[in-house]
Amino acid sequence: MLIDNRKYDMRLWVMVTHEHKCYLFREGYIRMSSYEYTLEEQTNLAIHLTNNAIQKHDTNYGSKEDGNILSYQ
């Protein structure tokens, strides 16, 4: 699954109480890669990893969306 031909991951927050009740915060976000996905280029981590620690050092970081982050909407 890709968004605009780029890899992504979805982040959300969940709280679990001592009584085992779960609460989901409805507003999460989607972290995008800086480049379109390709199998030919295996060495560029910014194509394959959506981690901000990797993405923020790439020259293409933030070129499509601010901070490579999308809202769920």
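Predicted model: local features only at pLDDT ≥ 70, side-chain atom pairs only at ≥ 80, totals over all residues.
Modeller: Residues are numbered from 1 along each chain as its sequence is written, and side-chain values use heavy atoms, with hydrogens and water left out.

Biologist: What makes arginine 6 count as buried?

Modeller: Buried means under 20% relative accessible area, exposed over 50%, and partly exposed in between (1.4 Å probe, protein chains only). Arginine 6 has 2%, so buried it is. Arginine 6 is found in the segment before β1; strands are DSSP runs of E, at least two residues, and helices runs of H or I, at least four, numbered from the N terminus.

Biologist: Why is the pair of glutamate 65 and arginine 6 called a salt bridge?

Modeller: The rule wants a side-chain nitrogen of Lys or Arg within 4 Å of a carboxyl oxygen of Asp or Glu. Here the closest N and O atoms are 2.9 Å apart, and the pair passes. Glutamate 65 sits in the loop between α2 and β3 and arginine 6 in the segment before β1, so the pair ties together parts 59 residues apart in sequence. Glutamate 65 has a relative accessible area of 11%, so it is buried too.

Biologist: How many salt bridges does this rule give?

Modeller: The count comes to 3. Arginine 31 pairs with aspartate 9 at 2.7 Å, linking strand β2 to strand β1 across 22 residues. Arginine 11 also forms a salt bridge with aspartate 9, at 3.6 Å.

Biologist: Why is arginine 11 put down as partly exposed?

Modeller: Arginine 11 has 36% relative accessibility, so it falls in the in-between class. Aspartate 9, at 19%, is buried.

Biologist: What makes leucine 24 count as exposed?

Modeller: Its relative accessibility is 54%, so leucine 24 gets that label. Leucine 24 lies in strand β2 (residues 22-32).

Biologist: And serine 63, how do you know which class it belongs to?

Modeller: Its relative accessible area is 48%, so serine 63 is partly exposed. You'll find serine 63 in the loop between α2 (52-55) and β3 (69-71).
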